[in-house]
Amino acid sequence: MPKNLFTRYIWIIDTIKRYGKITREELNRLWMLSPYGNGEPLARRTFYNYRAAIEDLFKISIECDSSTFEYYIDEPDNQSQSVTDWMLNSAAMSDLLTDARDISSRIFLEDIPSSRTHLSTIIKAIKASNPVKFTYQPFNRLNATHGIVLEPYFLKLFKQRWYVTGYVSSDDKIKTYALDRMHNVKALREQFVMPEDFEPSEFIRDAFGIVFSQGEVKQVAIKTDSRQAKYFRALPLHHSQSEMLHDAYSIFYYKLKLTPDFVQELLSYGPRITVISPPELRAMMVENISESLNNYE
């Protein structure tokens with residue numbers, strides 16, 4: 001297998017996604033101009049082999065429109081697309097960093113320690129519908145809790161940490177655990193059945209962060225200066241975000257729960273934002289800011 005075979009898959013996916021639909025002739029022309037073609041066209045059999053490998057590795061189906069003989073990517077649902085894009089970005093970044101080892105002292109990355117410990121075990125348990133048993137040591141408790149048995153429903157990455165959410169029968173609750181606070185993790189042999197009416201994307205829809213079941217959904221309005229507004233447009237805080245643009249400022253609207261994670265996120269922007277509503281969120285912000293000021297008196 002060529003050393004850069006993986007990057008060839010990514011090149012094909014990115015090229016087809018960028019064009020939307022593309023003929024074999026146009027794909028061949030671009031391939032010949034790419035670092036992988038060396039001026040030679042992409043052989044038909046090789047292209048078919050790459051298509052099969054892409055579907056197997058990334059679960060991305062490259063289809064052909066029989067009326068125009070153009071190739072396109074059959075887009076999955078939004079959540080599947082999000083995971084696929086994350087995989088492609090990670091793969092592309094991994095390849096770029098491999099080629100950049102000679103300047104590694106000049107590249108600084110964010111560490112995600114939990115991805116090296118229990119992530120593989122949890123993913124396998126989710127795929128096989130196996131409960132996982134572990135010891136948990138949260139930051140806010142002195143003693144660890146042993147023998148927790150969790151039926152893992154889904155994973156979420158937030159602020160450089162992986163979290164798993166699922167059902168704990170001993171508490172009859174759906175709970176969330178940070179992977180980097182778990183110890184002695186092992187998958188059990190028995191299987192569980194996730195409730196048919198439980199949809200992970202719906203469960204987390206109105207939350208920011210990893211607190212999903214706390215509080216009611218509120219309409220939130222936040223005023224920002226024009227500079228901060230550009231950042232919110234480029235990277236929305238939440239999928240419900242909408243904006244009302246004014247001459248010197250913007251007001252962003254959200255529909256979500258007032259979780260501690262959301263409050264901490266807003267506090268991190270300091271004087272660049274002002275919470276307009278609801279009143280309870282304003283009160284949370286004032287209380288936190290006042291407590292911080294008290295530390296300096």
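This is a guided tour of a predicted model, stop by stop.

**The whole chain**

Start with the protein chain in a cartoon view. The chain has 9 helices and 12 strands. Of its 297 residues, 36% count as buried. If you show contacts with a separation of 6 or more, 57% of them come from residues 24 or more positions apart.

**Two helices near the end of the numbering: α8 and α9**

Select residues 260–267 for helix α8 and residues 279–294 for helix α9. The two helices pack at an angle of about 60 degrees, and their axes are 10 Å apart. The crossing of α8 and α9 is right-handed.

Now show side chains. From α8, pick Phe262, Val263, Gln264, Leu266 and Leu267. They meet Leu281, Met284, Met285, Asn288 and Ile289 of α9. Sorted by class, this contact has 8 nonpolar and 2 polar residues, and no charged ones.

Move to Pro278, in the loop between β12 (273–277) and α9. Select Ser277 together with Pro278: the peptide bond joining them is cis, with omega at about 5 degrees. Most peptide bonds are trans.

**Strand β9: Ala221**

Select Ala221, in strand β9 (residues 217–225). Is Ala221 buried or exposed? With a relative accessible area of 5%, Ala221 is buried.

For a distance check, draw a line from Ala221 to Ser242, C-alpha to C-alpha: the two residues are 21 apart in sequence and 9.6 Å apart in space.

**Aromatic pairs**

Next, show the aromatic rings. Over the whole structure there are 21 aromatic pairs. A pair of rings is described by the distance of the centres and the angle of the planes.

Take Phe47 and Tyr71 as one of the pairs. Their arrangement is edge-to-face, with 5.1 Å from centre to centre and 85 degrees between the planes. Phe47 belongs to helix α3 (residues 44–58) and Tyr71 to strand β3 (residues 70–74), so the pair links parts of the chain that are distant, 24 residues apart. Phe47 and Tyr71 are both buried.

Compare Phe203 and Phe212. Their ring centres are 5.7 Å apart and their planes stand at 55 degrees, so this pair is tilted. Phe203 has 24% relative accessibility and therefore counts as partly exposed. Phe212, at 4% relative accessibility, counts as buried.

**Charges over rings**

Which residue lies over the face of Phe139? Select Arg181, at 4.1 Å from the ring centre of Phe139. A second example is Lys223, over the face of Tyr249 at 4.4 Å from the ring centre.

**The loop between β5 and β6**

Select Lys159, in the loop between β5 (145–158) and β6 (161–168). Gln160 lies in the loop between β5 and β6 as well. Most residues other than glycine have a negative phi. Lys159 is not a glycine, yet has a positive phi of about 50 degrees. Gln160, not a glycine either, has a positive phi of about 70 degrees. Colour by accessibility here: Gln160 counts as partly exposed because its relative accessibility is 34%.

**Last stop: Asn184**

Finish at Asn184, in strand β8 (residues 182–187). Asn184 has a relative accessible area of 61%, so Asn184 is exposed. What does Asn184 contact, leaving aside neighbours within four places in sequence? Select Lys133, Phe134 and Thr135 to see these contacts. For Lys133, the C-alpha atom is separated from that of Asn184 by 7.8 Å, with the two residues 51 apart along the chain.

Technical notes: Residues numbered from 1 in each chain as written. Predicted model: local features only at pLDDT ≥ 70, side-chain atom pairs only at ≥ 80, totals over all residues. Heavy atoms only, no water. Axes fitted to C-alpha atoms, helices over the stretch in contact; angles between N-to-C directions. Helix = DSSP H or I, 4+ residues; strand = E, 2+ residues; numbered from the N terminus. Left-handed = near helix turned anticlockwise from the far one by under 90°. Contact = heavy atoms within 4.5 Å. Nonpolar A, V, L, I, M, F, W, Y, C, P; charged D, E, K, R; others polar. Phe/Tyr/Trp six-rings, centres within 6.5 Å; stacked < 30°, edge-to-face > 60°. Buried < 20%, exposed > 50% of the residue type's maximum accessible area, 1.4 Å probe, protein only. Lys NZ or Arg CZ within 6 Å of the ring centre and 35° of its normal.
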